[in-house]
Amino acid sequence: MSLKFGTSGVRGLVVDLEGQPARRYVTAFMRHLQTSGQMAGGRVLVGYDLRPSSPAIAEDCLAAIAYAGFEPVDCGAVPTPALALQAMTTGSAAVMITGSHIPADRNGLKFYKPAGEVSKADEAGIVASLSDIDVPDYDESVLDENEETLEAYRDRCVDLLPVGALEGFKIGVFEHSTVSRELMGEVLAALGAKVVSLGRSDVFVPVDTEAFSDALFAPLPGWVREHELDAIVSADGDADRPLVMDGSGNFVRGDALGLLAARFLSAKTVVTPVTSNSAIERTGYFAEVVRTRVGSPFVVAEMKKAEKVVGFEANGGTFVGEGFDLTALPTRDAILPVIAALGLAAAEKISVAELVARLPLQVAVADRLQNVPGDRSGPFLERLQKDSGYAAEVFAPHEIANVNAIDGLQFHLKSGETVHFRASGNAPELRSYVEAGTAERAKELLAWSMGALEKAVR
């Protein structure tokens, strides 16, 4: 099988996942939960995003759950955080069929045990439990919990702010093909905002909320002006990564959204990967900032060690731990950071742009080269790390001060700027994350870094 666990779940081409491969992975997940004592029996929820292959793969998952002796529950098309919330509050396991932001010819499986996301140890246990035995079809009817799942999540989102807190705001929802396109508008309207629906697509669109330069986003500034919007909000395919453009037509970085969410909840500790803005520690907002490798399992593992903790990734997906009035949800959520940013702006009676401008952060931008397989990105990054002369050649005319290798290679330059190269764990992509003192300089440095990558790996 050409499938593997990435930063968050199993990913691969649809042709390699649908049918028996999906069934075998889910059967292995069930077997691992049983043998590890994390679940003796009971319900297993299945949800999916709106990519064309997802409903059929969901049927494969339901069949495997029944074959393993558990009760399959069909939650239908729902956001990943909604499925996770329903699983945790009902003491169920869950499987989400989603490829997140990657193209429609790919898909994936994300696993939840009753206690939350699977760990890296659980992933190893699932792989060890894989078998090549075929799993039969399941033709009996299954319980449908779509409405209950959506309602519980919707209520959680609406309860984040007082009734009418967003009155006077006019918010555009870039609907494209995100599974949260109706729900996001419903939440904003329930909080008093005037909502404008924008850009709905009947074809699945692989929205990468970190790749602001994508042509897909070209219409957004025009929509801001045309409709006189205070912001445009959206999410990726399975709604666990937020997207926000402020009323000035500028994108808000995901790590800034996560930072605002942590402030909104008055977090004591923040857990975030090394790819998030390097100035977070210097804000003084939190008692402790813990850095991890990229991937939700790493964030969740560190969150378990702290109280009143919020985690977030550079993509803005926000995790909530124990110690708050809000129910804990230690998995990526796209709507929480959106509501937090809008709620803080409303409370402080300023625009979203002003709110973000007040954050003492470096200007951070990112982009990626697509169609760069691991057999090209891996050797390049390895040579870059081990051969200082080669690294100096690649980075000329910039001078390297030091290198952080927690995840990928993060080069701190003598100028005080940062360039971070990292291969995606979910797709054949090589990413560049850049930080600089001004937006203009960050844009220049990003363009240089993308050119350097293109020259090195093409």
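Q: How much space lies in the largest cavity?
A: In this predicted model, the structure holds four cavities of 30 Å³ or more. The largest cavity is lined by 18 residues, and those closest to its centre are Glu-210, Arg-241, Val-294, Asn-315 and Arg-422. The space that lies in this largest cavity comes to about 160 Å³.

Q: Which element gives the largest share of the lining of the largest pocket?
A: The largest pocket holds about 790 Å³ of space, and 27 residues line it, of which Phe-251, Val-363, Ala-364, Val-365 and Ala-439 lie nearest its centre. Two or more lining residues come from each of β12, α9 (254-264), α12 (352-357), β17 (363-370) and α15 (439-457). The largest share, five residues, is given by β17.

Q: Which residues is Ile-339 in contact with, leaving aside its neighbours within four places in sequence?
A: In soluble globular proteins, nonpolar side chains tend to be buried together. Once the neighbours within four places in sequence are left aside, the contacts of Ile-339 are Leu-160, Leu-161, Val-187, Leu-188 and Leu-191.

Q: Which strands are the edge strands of the open sheet of four strands?
A: The strands of this open sheet follow the order β10-β9-β11-β12, and their pairing is mixed. Neighbouring strands are turned by 25° against each other on average, with direction ignored. Each edge strand pairs on one side only, and the two are β10 (194-200) and β12 (242-246).

Q: Which residue in β11 does Gly-172 stand opposite?
A: Strand β9 covers residues 170-176 and strand β11 covers residues 231-235, and the two pair in the parallel sense over three bridges. In β11, the residue opposite Gly-172 is Ile-232.

Q: What angle does the direction of α11 make with that of β12?
A: Helix α7 (residues 181-190) packs on the sheet, where it touches β9, β10 and β11, and its direction makes about 170° with that of β9. Helix α11 also packs on the sheet and touches β9, β11 and β12. The angle between the direction of α11 and that of β12 is about 25°.

Conventions. Residues numbered from 1 in each chain as written. Predicted model: local features only at pLDDT ≥ 70, side-chain atom pairs only at ≥ 80, totals over all residues. Heavy atoms only, no water. Contact = heavy atoms within 4.5 Å. Pairing = 2+ DSSP bridges. Axes fitted to C-alpha atoms, helices over the stretch in contact; angles between N-to-C directions. 1 Å grid on protein atoms, 1.4 Å probe; cavity = no way out; pocket = protein on both sides within 12 Å on 5 of 7 lines; lining within 4 Å. Points joined across faces, edges and corners; volume = space filled by probe spheres on them.
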